[in-house]
Amino acid sequence: MEDKRYIEKTFPIREVGEISAKEKNIRHGHISTLHIWWARRPLAVSRAVNYASLIPAPEDLLEEEKRRQFIIDLAKWENSLNMTYIDKGRRDILSANDGVPPKVLDPFGGGGAIPLEALRLGCEVHTLDYNPVATLILKCTLEYPQKYGSKVDKEEFVDRSVSPLVRDVEKWGNWVLEESKKEIGKFYPPDEDGYIPVGYIWARILPCQNPLCEAEIPLMRQFWLAKKSNKKVALYPYVEDGEVKFRIVGDGYEEWPEGFDPSKGTVSRAIVTCPVCGYTIDGNTTRRLFQEGKARERLVAVVLHKPGRSGKRYRIGTERDIEVFREAKRYLEEKRERLMEKWWMDPVPDEEMNQEDPNTVAGRGYGFKRWGDLFNSRQKLALITFTEKVRLAYEKMIEEGYEKEYAKAVASYLALGVSRLADYNSSLTVWAVAGEFIAHTFGRQALPMVWDYFELNPWSESTGDWNSSIDWIIKVLSHLTQIPPVKRQKKPIIPKISQTSATEIPYPDNYFDAVITDPPYYNNINYAELSDFFYVWLKRSVGDLYPDLFITPLTPKTKEIVVNPVRHKGEKEAKKFFEEMLKKAFKEISRVLKPNGIAVIVYTHKSTEGWETVIKSLLDSDLLVTMCWPIDTEMRARLIAKDSAALRSSIYIVCRKIERKNIGWLQEIKKELREHIPKKLDRLWNEGVRGADYFISAIGSGIEVFGKYKEIRDYEGNKIDISQMLEILRDMVTDYAVRRILHNGISQELSPLTRFYILWRWSYRESRVHYDDARKLAQSVGLSLEREWNRGFIKREKEYIRVLGPQDRKLNEIKVRDLIDEIHKALLLWRHNRKDELLELLENSRYLSNGVFYQVAQAISETLPIDSTEKRLLDGFLSGIDRLIREVEDIKEQKKLTDY
């Protein structure tokens, strides 16, 4: 391959990872605040990867270092609109592409990070997504800012920092706010002292199932209202005449009752405890009562603030609050009936939720059936009113002479504002007591059950209200409209967005210079089910403007590439569907990619499961892996305690379209691998890649050798499949890793069991790991996992494997069969100060005198985190190892003299 790209040779993975991690704290102008989309790639890494994929590989070390530093600087958020860097990035890419903007495709556009950064760097951008919500987000991220960000009454380019699009979104956002407030502001009345409600805390209620009690139980996970270092306020529940009542206690309120712990609520994991009689309702009964309609709701407290004053104030809900809510409920029914005749649909989303899917609350057995069930009456009224005003704003813009497509763009941003408002104003939000603000619905990539929730005042001038929603959108839009246009022959190239499946890319063969994309992997996120939450409101606000996008009752799901056992009637069928669809998508990517084009595909699954599927699918589509880079955008160990293990990073798989040769011979391929792979492994090691990331990346990089062949045979004619080749690669990577971990060549002296232990600690530390991943690691060192588990430090726990440290083993049960057993026993004897037994153990050790004992123990320590108990044991023991060695030598010398 003559035209190798920079990313195929090197990439500053550590620095770009660190910059990407910091980006998570950036809010002002970042596209993550435009609208929720799950698992967006960081802009920093997307920008860096786009650039490194489109410029040539460096010719010498000096050029490599200059490019490396430029990529690091280019990736920084503070340089995202710095024209010094952007213009240079664009010039470099144009120079590498004969002066023409390269055509770049992302067929899984999602939240738009990858295509946005291709646009920023001057590429002709094309992107697709199967999901209509994502498609609208892409239009608002890519198309509209470029199309309308710099035009005033069809005149030429003006200052993009004062974009008319930004001004109009702000203008009409204010219009929507004022019109909505005129109509329904009375349902959020201020207190007589001038305090304005931020919102209302509600509790769902169940009747106690004790026949002698039958009290109404407010379901509250806890009773805190404010839990700060300088402010502690809580709801205090007390029983009066068989009824649960509340008063507010803490700083500035009533005195704190002795022994009161606000963290202990009335419900945990659906198990309810009655505060009146102490009766417990089990989880199944709780769900049944909800399904039977026995649950009600109770307004418990009101959160207030006063303009011009800092801090929040709290009071108990009153009869006046409840009466205002009842008035809102009555008005909702009148308005609902009126709009239904006008819109030809229920203004409150009546589309059914999937009651079998556990990713949403409907599938968890609490009786939720329709999307409108996620909102109380006043929340429904607020949302349909804002939705109505967005529709009216569009009509008014047309009346005032706005061009239809431009008015549609403005209305689209207002519709995203309704989406944001819905996210903060459902019955699945909670009051975040540590910061005294509302936590939005999608704090997780799911819709779980919430027992006590927060109802927002849409014009409270606080987090989540309409002003806040539009303000965040304007900040993003202001940033997006400052990105200069991409031009060909002085004419702007507007990004092209399509709503279609990646398995049916609507472009001719050999069309794109690059395909850079982040496909969904396995069962990470069920995008379609979650995005239905927004789809039902977007359909009502701008569905008439996008008839093709919002033609179906809910988001289309038949071609969504995800493992969904509910949808496909079983885990096996779901995986088969995913694998077939992913293979089709990769074949389409290969088809539309130019012969000398480059593809970068992000692998983001939480474990190594699915890796072989990805590789097989790529090879079947004639895409050959040339390099893999793991980029840790989290900058924290995602090895969660001791319960699970995960890849720390997203793996960026670099591929080329190739004409594969017919047959490769195994012995020749092995020889080529031995010559080729150490260079790749050195590069990964020098970049600081470690653990499970290293195995994935190293194996991926080695596929460049055997992936050139349609089939591989040994000299006896036997066909070698991809799984066998991956095992050969894994063995080579394992041997290399052990030698590097130990800093020298003693790895060949170690048994498979010791090699396995060292690699486990390096790869997974103290986490448990899925059996198949553990089996592959064991196999790579020549160890049979099945023969070893439960004999010593390897334990099987259902479908997981755990490797015990010395602190997890009992001293009297350790049978010294191997060096690791010897190290573990020595550590425990040292810990219990049983020195005579320790010296006897070391005296009989065949590993002490040649230094292997020390080197292995030291290597294991270096793989473990600072807070590891095993590391502390190792470091403490090793600090006195020289003295112990001398004592052992003295004992041996004394015995020699005695024998003599």
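Guide: A disulfide is a pair of cysteine sulfur atoms within 2.5 Å. Keep that cut-off in mind. Also remember that this is a predicted model.

Visitor: How many disulfides does a search of the whole structure find?

Guide: The search finds zero. Now look at individual cysteines. Start with C208.

Visitor: Which cysteine sulfur is closest to the sulfur of C208, and how far away is it?

Guide: The closest one belongs to C277, 3.6 Å away. That is too far for a bond, because the cut-off is 2.5 Å. Then try C213. Its closest cysteine sulfur is also in C277.

Visitor: Next, salt bridges. What is the general idea?

Guide: Side chains of opposite charge can pair when their charged atoms come close. In this structure the count comes to 71 salt bridges. Take one inside a helix. E63 pairs with R67, and their closest N and O atoms are 3.8 Å apart.

Visitor: Why are E63 and R67 separated by about one helical turn?

Guide: Both sit in helix α4, residues 61-75. They are four residues apart in that helix, which means about one helical turn between them. E63 is partly exposed at 22% relative accessibility. R67 is buried, with 17%.

Visitor: Which salt bridge links distant parts of the chain?

Guide: Look at E529 and R567. Their side chains meet in a salt bridge of 2.8 Å, N to O. E529 lies in helix α14, while R567 lies in the loop between α14 and α15 (571-592). E529 is buried, at 3% relative accessibility. R567 is partly exposed, at 22%.

Visitor: What is the N to O distance in the salt bridge of E560 and R567?

Guide: That distance is 2.9 Å. E560 is buried, with a relative accessible area of 9%. Elsewhere, salt bridges that share partners join D3, R5, E8 and R656 into one network.

Visitor: Now sheets. How do strands of a sheet pair?

Guide: Strands pair through backbone hydrogen bonds, either parallel or antiparallel. Here, find the open sheet of three strands. Its order is β26-β28-β27, and the pairing is antiparallel.

Visitor: Which are the edge strands?

Guide: They are β26 (769-770) and β27 (794-797). Each pairs on one side only.

Visitor: How many bridges join β26 and β28?

Guide: Two bridges join them, in the antiparallel sense. Strand β28 covers residues 800-803. For a landmark, find V769, which stands opposite I801 in β28.

Visitor: Which residues lie nearest the centre of the largest cavity?

Guide: F108, G110, D129, P520 and Y527 do, out of 30 lining residues. Two elements give two or more residues to this lining: α6 (113-120) and α14 (527-542). α6 gives the most, with three residues. By type, the lining has 16 nonpolar, seven polar and seven charged residues.

Visitor: How much space lies in the second largest pocket?

Guide: About 1200 Å³. The second largest pocket is lined by 37 residues. Nearest its centre are W202, R296, E297, R298 and F325. The elements that give two or more residues include β3 (196-207), α9 (283-291) and α10 (319-343).

Visitor: Which element gives the largest share of that lining?

Guide: Strand β11 does, with five residues. β11 spans 296-305.

Visitor: How do the lining residues of the second largest pocket divide by type?

Guide: They divide into 16 nonpolar, nine polar and twelve charged.

How values were computed
Residues numbered from 1 in each chain as written. Predicted model: local features only at pLDDT ≥ 70, side-chain atom pairs only at ≥ 80, totals over all residues. Heavy atoms only, no water. 1 Å grid on protein atoms, 1.4 Å probe; cavity = no way out; pocket = protein on both sides within 12 Å on 5 of 7 lines; lining within 4 Å. Nonpolar A, V, L, I, M, F, W, Y, C, P; charged D, E, K, R; others polar. Points joined across faces, edges and corners; volume = space filled by probe spheres on them. Pairing = 2+ DSSP bridges. Salt bridge = Lys/Arg side-chain N within 4 Å of Asp/Glu carboxyl O. Buried < 20%, exposed > 50% of the residue type's maximum accessible area, 1.4 Å probe, protein only.
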